[in-house]
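Visitor: Please take me through the charged pairs and the chain contacts of this model.

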Protein chains: 2
Amino acid sequence: VSLRDEILEQPEVLARVLRAGPARVAAVAEAIRSRDVTYAVIAARGTSDHAALYAQYVLGVRNRLPVALAAPSIVSLYGVVPRFERAVVLGISQSGASPDVVGVVSTARAQGALTVALTNEPESPLARAAEHVVDLDAGAERAVAATKTYTAELMVVALLSTALAGDDAARAELDLVPERVADALGAEASAAEIARQQVEMTRCVVLGRGFNYATAREWALKLKEIAGVLADPYSSADFQHGPLSLVESGFAVLAVAPSGPTMSDVGELLGRLRDEQGADSVVLSDARELEPVASHRIPMPPDVPEWLTPIVAIVPAQLHAYHLALAKRRDPEAPRHLRKVTLTR
Amino acid sequence: VSLRDEILEQPEVLARVLRAGPARVAAVAEAIRSRDVTYAVIAARGTSDHAALYAQYVLGVRNRLPVALAAPSIVSLYGVVPRFERAVVLGISQSGASPDVVGVVSTARAQGALTVALTNEPESPLARAAEHVVDLDAGAERAVAATKTYTAELMVVALLSTALAGDDAARAELDLVPERVADALGAEASAAEIARQQVEMTRCVVLGRGFNYATAREWALKLKEIAGVLADPYSSADFQHGPLSLVESGFAVLAVAPSGPTMSDVGELLGRLRDEQGADSVVLSDARELEPVASHRIPMPPDVPEWLTPIVAIVPAQLHAYHLALAKRRDPEAPRHLRKVTLTR
């Protein structure tokens, strides 16, 4: 089993999550509704932290629930017990093993807060620490770089949001996703061709906003992890508060900009970066409107509801990072200096 | 007035904040105590977002108050009104002008949440939107790159934390800070010398953890903004979950690691990156223990309580970015493509 196999397996994994997931999240949604929860706290690291970021937008936009992304060191290094009584506290981790993430959940549970683990390892320390466990059931992930566990995490977050809202129409939208993800795999040839042209790239920025800020961060992480490119992710708003100064002629700017409320924001910025600063832009989008600002285009399937686009958009981005690693003669199966499970305090 | 003048002015600005600040934050602390606040939400962009990050750790560690860093686009682009009733909602902005930050505070106030503006412009839209206003009173900041307004924001956050805790001993610790910041200016020669050696650097990572994760982010932003270096900031924990794979022989790793609970965490990682991966390391610290892992060292004054080190540590970092800009023949007074006030939706 290779990294590419796991990328290609995602439609099937997501279909499985859709079958078993609704029953798994129902008890969590019921517990959140029945307790006096005023906000959510999510602890996660690496790729799972991007699923947490997606949850911040999904629960924020669709459930009006404010989400705090935890700073685990407050518990693990400073030994503080934050007042989590009125929060639902979620830990998200593929392995369920990292002590700092487990620490946040344990601390919350000890003070009676509602706790939930979202993990691919239902017997892990994280699963044991939480009151509720949602098994991702993504199958064993063997590649060091996480792919299918990431999209499975996003799908579980989306399922939880629909269950919490009791929104059957939104729930039905999810059924389209596995097929759209299968369509998105068709972007491999474009992604690989662009990657080959970028073989000399050592640095870039990755822009996204709203739901797809998570996609920008995850794309950037894959580029760092397997392709050795220093990719710095930014929301298109934050990027204008300083970092924009970096971009000069030929500087690579990657952007995730599917149709929806954030598209024009990302598109306008990209236009400025290209026309005034000479950026070399790669646009991952379904929207033809963005062609004028794109030096290169990675297509994604149309007609995906915007809130679900992160589950689809990351797939061509994973393939782009994979092919860039190959072009740079780095082994995507064995990223240098990494192991599959990282334990941090 | 130049950027360097504003960097050098910081001891005086901080002394002024210490004189007038306690009265300014008292009403805010009283309002937080008297209402049934269960967590804080902070909206900010750019440099001020790093003051928000510092607040996440200070309020978390010293007041046990969970802090959510807001995703302003939830309000501004998606038009959602999050349920902020039980939160204290703070907006932090030098100019007080950015519509997306103002939007979060306005929305919160309209639903009766406690709102606070922390700004250098007490007649700004942000100040008008909030119920309580804390004037930074840092004096006009003319350079595009924010320096003295950043340390003033950190000081106000520290003052607010001591007022909220009613902690007179902690309040007294603050009185040392202006003098330590003055001492920190003495690192200019070291910082400039290292900058001259780094004239060819185009990319680096900046590590920090806990309170000084904010310092790592702000140092990285200054490097991007004025020196054109793609500097990617990481907590030393998150860095191990993937990005570590980037570091190869000669790769520049900058680290902020003052004495305290996070020092050994950052130091151990730096040792691995240097010994096993050949990193070229720059360590900003008061601790002699870290000399073995430092290719270069930028000193900072000893005996600063760890929670206050971010106010001191950023000063040599600002000077490093300033001198790197000069070494690279970029004008630090006029970062390319930027204006002082950035308005984002």
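Visitor: Is Arg86(A) buried or exposed?
Guide: Arg86(A) is buried, at a relative accessible area of 18%. Buried means under 20% relative accessible area, exposed over 50%, and partly exposed in between, with a 1.4 Å probe and protein chains only.

Visitor: What should I know about the model itself?
Guide: This is a predicted model, in which local features need pLDDT of at least 70, side-chain atom pairs count only at pLDDT 80 or more, and totals for chains, interfaces and linings use all residues. Residues are numbered from 1 along each chain as its sequence is written, chains are lettered from A and ligands numbered from 1 in the order in which they are written, and side-chain values use heavy atoms, leaving out hydrogens and water.

Visitor: Back to Arg86(A): which residue does it form a salt bridge with?
Guide: Its partner is Asp36(A), with the closest N and O atoms 2.5 Å apart. A salt bridge here is a side-chain nitrogen of Lys or Arg within 4 Å of a carboxyl oxygen of Asp or Glu. The pair links distant parts of the chain, 50 residues apart: Arg86(A) is in the loop between α4 (73-76) and β3 (87-93) of chain A, and Asp36(A) in the loop between α2 (10-34) and β1 (39-43) of chain A. Asp36(A) is exposed, with a relative accessible area of 55%.

Visitor: How are those elements assigned?
Guide: Helices (H or I, at least four residues) and strands (E, at least two) are DSSP runs, numbered from the N terminus.

Visitor: What about a pair inside one helix, such as Glu30(B) and Arg33(B)?
Guide: Glu30(B) and Arg33(B) are three residues apart in helix α2 (residues 10-34) of chain B, so about one helical turn separates them. Their side chains meet in a salt bridge of 3.2 Å, N to O. Glu30(B) is partly exposed at 43%, and Arg33(B) is partly exposed at 45%.

Visitor: Which residues are linked in a network?
Guide: Salt bridges link Arg45(A), Asp100(A), Arg345(A), Arg209(B), Asp238(B) and Asp265(B) in a network.

Visitor: How many residues of chain B are in contact with chain A, and what area is buried?
Guide: 76 residues of chain B contact 76 residues of chain A, where contact means heavy atoms within 4.5 Å. The buried area is about 6300 Å², with 53% of it from carbon and sulfur atoms. Buried area is the accessible area (1.4 Å probe) that two parts lose on being put together, summed over both. On the side of chain B, Tyr78(B), Leu230(B) and His241(B) lose the most area to chain A, together 12% of what that side buries.

Visitor: Changing topic, how many helices and strands are in chain A?
Guide: Chain A has 13 helices and 10 strands. Of its 345 residues, 69% count as buried. The C-alpha trace of chain A spans about 55 × 45 × 40 Å along its principal axes.
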